[in-house]
Amino acid sequence: MNSRILRKTGNMDYSFPLHTCDYNVHKLYNIINRSHALIHCIAIAFLVYYRASFLFQNLEIRATPIVPWLLVFTSELLLSFMWLLGLGSRWRPVCRTVFPERLPEDSKLPGIDVFICTADPDKEPTVEVMNTVLSAMALDYPVEKLHVYLSDDAGAAITLHGMREAWKFARRWLPFCRRYGIKTRCPNAYFSGGEGEYNHHRSTQFIVDKEKIQEEYEKFKECIMRTSENGWHGERSSWNRLNHSPIIEVMGDTLQEDNVKLPLLVYVSREKMPFYPHHFKAGALNVLLRISGVLSNSPYILVLDCDMFCNYSTSARLAMCFHLDPNISSSLAFVQFPQMFRNVNLSNRIYDYKIRPVFKLQWHGMDGVNGPILSGTNFYIKRDSLFDSHIHHEDYYQPGSLRTVADDYSSLVEDTKVLASCKYEDDSKWGDKVGFMYNTVVEDYLTGLKLHCRGWKSVYLSPAKPCFLGTSPTNLNDLLIQNTRWSSGLVGIGISKFCPLIYGPSRMSFLQSVCYAEFAFFPLFYCLTLCCFATIPQLCLLGGISLYPEVSNSFFLIFSFIFISDVVKHLCECFFTGGSIQTMINERTIWMIMSVTCYLYGSLDAIMKILGLREDSFLPTNKVEDDDQVKLYQMGKFNFQTSTRLLAPLVTIIILNMASFFVGTIRMIVAGGFYELFGQVFLSFYILAMNYSIIEGMMIRKDKGRVPPSVTLLSAIFSVILLALGSIILMY
Ligand SMILES: O=c1ccn([C@@H]2O[C@H](COP(=O)(O)OP(=O)(O)O[C@H]3O[C@H](CO)[C@@H](O)[C@H](O)[C@H]3O)[C@@H](O)[C@H]2O)c(=O)[nH]1
Ligand SMILES: [Mn+2]
């Protein structure tokens, strides 16, 4: 890949590589990481020895009941297992660089279809969705090779209306961007100052044009907002979003007098019928896959969530540096870009525990072992990879490419409607062997897993300037709902026949299976272990039972070492990826919070689905921002306005830990149990310190986002019940 040999493919001819892959940037990191892994492993082995030898002790000298001991031991084993799995995605991180200037000339670039999904105009404001559409239309790519499709699962008249307006606005916006070489081509981002470095472009003509286009943008926005406020239904007065025939419209079919060239823009709302499974986002993407197969049939596809706009317009060319490299192209399925967010508080990300490490660290690591997991949005995928070459066309009804002359779309549209009908997929391989996968709410993860298992590879590209920016939940409620969905989906795969540790190793590399397994297991395992660590040692402490070695015992050193080594490693990773001590504390806090709430409910949900007691549901996250909420978030304060169901377990645990810390300290000092109980008192202290925000929300804060006193009261009752139940466990 790195060799600068002369390569000749077809009529492309270039003497320099389109991209390089650096295995050595992280050399020092690798050395430290692997030596640390070894030492940590040895320490864990000692811990296991200590715990296990207890089981063989003579019954008479056993001071601790066996049940809590076994529970804590099991949790320690599970947590160590998770830590081992985590090594997979940290083993061999790589970094990639691309040279788009070496791409062949525009006329030789392949076509790209952009798929954007939206599902609910109330949670996903139409103006934002249209900004995503406009940013995709304005990608820096030959216009006749770019085709933008929007799937609207709500079939909302306002979205179609917005598309028509966006099309009109694009006729002004695209020429403006092209004329002045604008790079930030999402109008909202551009006008809110996202184009700082290009403002040196200060010719008077530019200033006049900019003011004019800004005025037009305001008008465009107003026009959409006014119609959505009026609850406009256009031509569809009695509309049912769960029961309607397919609607497909190709925008601006006829050539306009101003001769501005625009990419093809297509609105699709697939058919909906009650009692027909529609498979959420994967279903929507598969419909687009078929319709685009008829209208444009581009070999590459960019998938975007409606709230993920193209921030930097060159991403398509960057991705082509991989897809057009003859050395890797034949096995390359997709190029993944990171998910970054325009609305996160970079200095104090209180709601972020997984996303940051995933895109800053783990995807680089997986890139070193055949490629990152498909991440739902921001990826350029090869159309062919979604069609299993072993399956005959008749088995999944892939429409042939029918594309004819550009102004003959209207006749094609009627034909494509059948591709968007509910019955089209009956008895076919769609969602199972073909297209995006069904029967899960993490369609991205499962689709990626199956691609990798079929021998495809992926690459990860994370340029300094973010190519895509989205909207991230900035309040606890949305975060917990979103993560409950992910947990349910991931655990569902972990306990199905696609369990990466069983399904993976014979089909892909072992290390890669380990990386996938970490994601399939973490919600269930973290919820089991953290629920245990947050209650069992505390109950024992209240009963004066010791679970950890005495301070003077040499095994105490082992426990301390494992704890400190884990904290230090986490801290190093935070520094290494541009974070701080605050980042580490935040990540630990939200990790604990999620483990006892959404991981718990998500895992339960997955188990109930396996038992057939529940069906999949995909609640889209809310993308509407509330000023009060944003203010709290910017101040770094949690917003505890969420359901009691999610809040109560959390507060119960905090109350239990407060009680055990209080009683434990007294026992330690007054009753002289300092050496035996120190470990447990410290554990309670650590949990309380990491979750100080919750204590603050219960006792100090008076604002709207505090923990409601009613929840605190209810949780206090739960704690008493827990105590009563706990004393039974302690007897054995
Ligand atoms: O029935 C549905 C439900 C959702 N969507 C769209 O799917 C996208 C993702 O939904 P969102 O509510 O934003 O969920 P997130 O949790 O933010 O999404 C993450 O997780 C999803 C899987 O759970 C992935 O599909 C996404 O790419 C990933 O960003 C949005 O564009 C929705 O409009 C549909 O098209 N149809
Ligand atoms: Mn989203």
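Helices (H or I, at least four residues) and strands (E, at least two) are DSSP runs, numbered from the N terminus. On that basis, residues 514–536 are 91% helix and 0% strand, with the end C-alpha atoms 30 Å apart. Residues 66–87 are 100% helix and 0% strand, and their end C-alpha atoms lie 32 Å apart. Both spans carry the feature "transmembrane region" in an unreviewed UniProt entry, which also places it at 37–54, 646–670, 677–695 and 707–730. UniProt positions follow the numbering used here, feature names are shortened, and annotations may be inferred rather than shown by experiment.

This is a predicted model, in which local features need pLDDT of at least 70 and side-chain atom pairs count only at pLDDT 80 or more, while totals for chains, interfaces and linings use all residues. Residues are numbered from 1 along each chain as its sequence is written, chains are lettered from A and ligands numbered from 1 in the order in which they are written, and side-chain values use heavy atoms, with hydrogens and water left out.

Next comes ligand 1. Around it are 23 residues, of which C117, D153, D305, E443 and T621 come nearest; a residue is near a molecule or strand if one of its heavy atoms lies within 4 Å of it. This shell divides into eight nonpolar, seven polar and eight charged residues. Here Ala, Val, Leu, Ile, Met, Phe, Trp, Tyr, Cys and Pro count as nonpolar, Asp, Glu, Lys and Arg as charged, and the others, Gly among them, as polar. Strand 5 (112–118), helix 7 (280–295), helix 11 (443–453) and helix 12 (476–494) each supply at least two shell residues. Helix 12 gives the most, with three.

Oxygen atoms of ligand 1 are approached from the backbone and from side chains. A backbone N or O atom of C117 lies 2.7 Å from one such oxygen. Polar side-chain atoms lie 2.9 Å from a ligand oxygen in the case of W486 and 2.8 Å in the case of K623. Taken alone, ligand 1 exposes 680 Å², and the protein buries 96% of that; accessible areas come from the Shrake-Rupley method with a 1.4 Å probe.

Helix 9 (residues 355–367) bends by about 35° at L361, the bend being the angle between axes fitted to the seven residues ending there and the seven starting there. Twelve of its 13 residues are buried, so helix 9 is largely enclosed by the rest of the structure. Buried means under 20% relative accessible area, exposed over 50%, and partly exposed in between (1.4 Å probe, protein chains only). The buried residues include R356, W363 and D367.

H278 is in the loop between strand 8 (264–269) and helix 7. With 29% relative accessibility, H278 counts as partly exposed.

Technical notes: A polar contact is a pair of N or O atoms within 3.5 Å; within protein, one must be able to donate a hydrogen and the other to accept it, and residues adjacent in sequence count only if both atoms are side-chain atoms.
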